[in-house]
Amino acid sequence: MSYLKLLALLPFLYLSSAISATDECSKDCQLSKIQAYFAHLDKVSMQGSTVADIDALLGDMHEDVEYIHAEYDANFDRATWRKAFIRNLEAGAYQDGPENITQIIHTIHGNRFVAVEYLGAYKDENGKNILTEPRLAMFGFKDGKIINITEYWIAK
């Protein structure tokens, strides 16, 4: 390739690398998005949460987000997931207190995916705060946003 042709291609190579860089989300970016997801989810689960809290949770996601819980046959797109959250909200299912905060234990970063080990919390019948067994979720990323969440745990 001649020197002039190479010089002519340089702006296009730079532009394509800049575009692909904006599509990616660094490890810090991914962790930040996952932490925000759990913070929003904790807020939705709290007593007194609203549809606005549900919309805030889903608003941070990719428009084509998919939620899958393998063990419970859940497979939701954004609209179905929102309806499920609202149905639970209207049924009074969300009664957690501010002490029920999800704790991320460990993450393993892959190519546009992050495996997350975390603990949830709930109140038993006596009102005592109980931590769950460790749980596993996979988060997929596209265009700098969460596009997929797949859960792999069973409630005991």
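Me: A disulfide is taken here as a pair of cysteine sulfur atoms within 2.5 Å. In this predicted model, what makes C25 and C29 a disulfide?

Reply: The sulfur atoms of C25 and C29 are 1.8 Å apart, and the cut-off is 2.5 Å, so the pair meets the definition. A search of the whole structure finds one disulfide, and the link of C25 and C29 is left-handed, with -90 degrees about the S-S bond.

Me: Why is C25 called buried, and what does C29 count as?

Reply: C25 has 8% relative accessibility, and buried means under 20%, so C25 falls in that class. C29, at 24% relative accessibility, counts as partly exposed, because that class lies between 20% and 50%.

Me: What makes the contact of D55 and R82 a salt bridge?

Reply: The side chains of D55 and R82 meet at 2.7 Å, N to O, and the definition asks for a side-chain nitrogen of Lys or Arg within 4 Å of a carboxyl oxygen of Asp or Glu, so the pair qualifies. The structure holds one salt bridge.

Me: Are the two partners, D55 and R82, buried or exposed, or in between?

Reply: D55 has 34% relative accessibility and R82 has 31%; since buried means under 20% and exposed over 50%, the class in between applies. D55 therefore counts as partly exposed, and R82 likewise counts as partly exposed.

Me: Which residues have the most contacts inside the largest nonpolar core, and which element gives the most to this core?

Reply: This core has 26 residues, and those with the most contacts inside it are Y37, F38, M61, W81, F85, F139 and I149. Among the elements that give two or more residues are α2 (27-45), α3, β1 and α4, and α2 gives the most, with five residues.

Me: What does M61 touch, not counting residues up to four places away in sequence?

Reply: M61 touches Y37, R78, W81, K145, I146 and I149, where contact means heavy atoms within 4.5 Å.

Technical notes. Residues numbered from 1 in each chain as written. Predicted model: local features only at pLDDT ≥ 70, side-chain atom pairs only at ≥ 80, totals over all residues. Heavy atoms only, no water. Buried < 20%, exposed > 50% of the residue type's maximum accessible area, 1.4 Å probe, protein only. Core = buried A, V, L, I, M, F, W, Y, C linked by side-chain atoms within 4.5 Å. Helix = DSSP H or I, 4+ residues; strand = E, 2+ residues; numbered from the N terminus.
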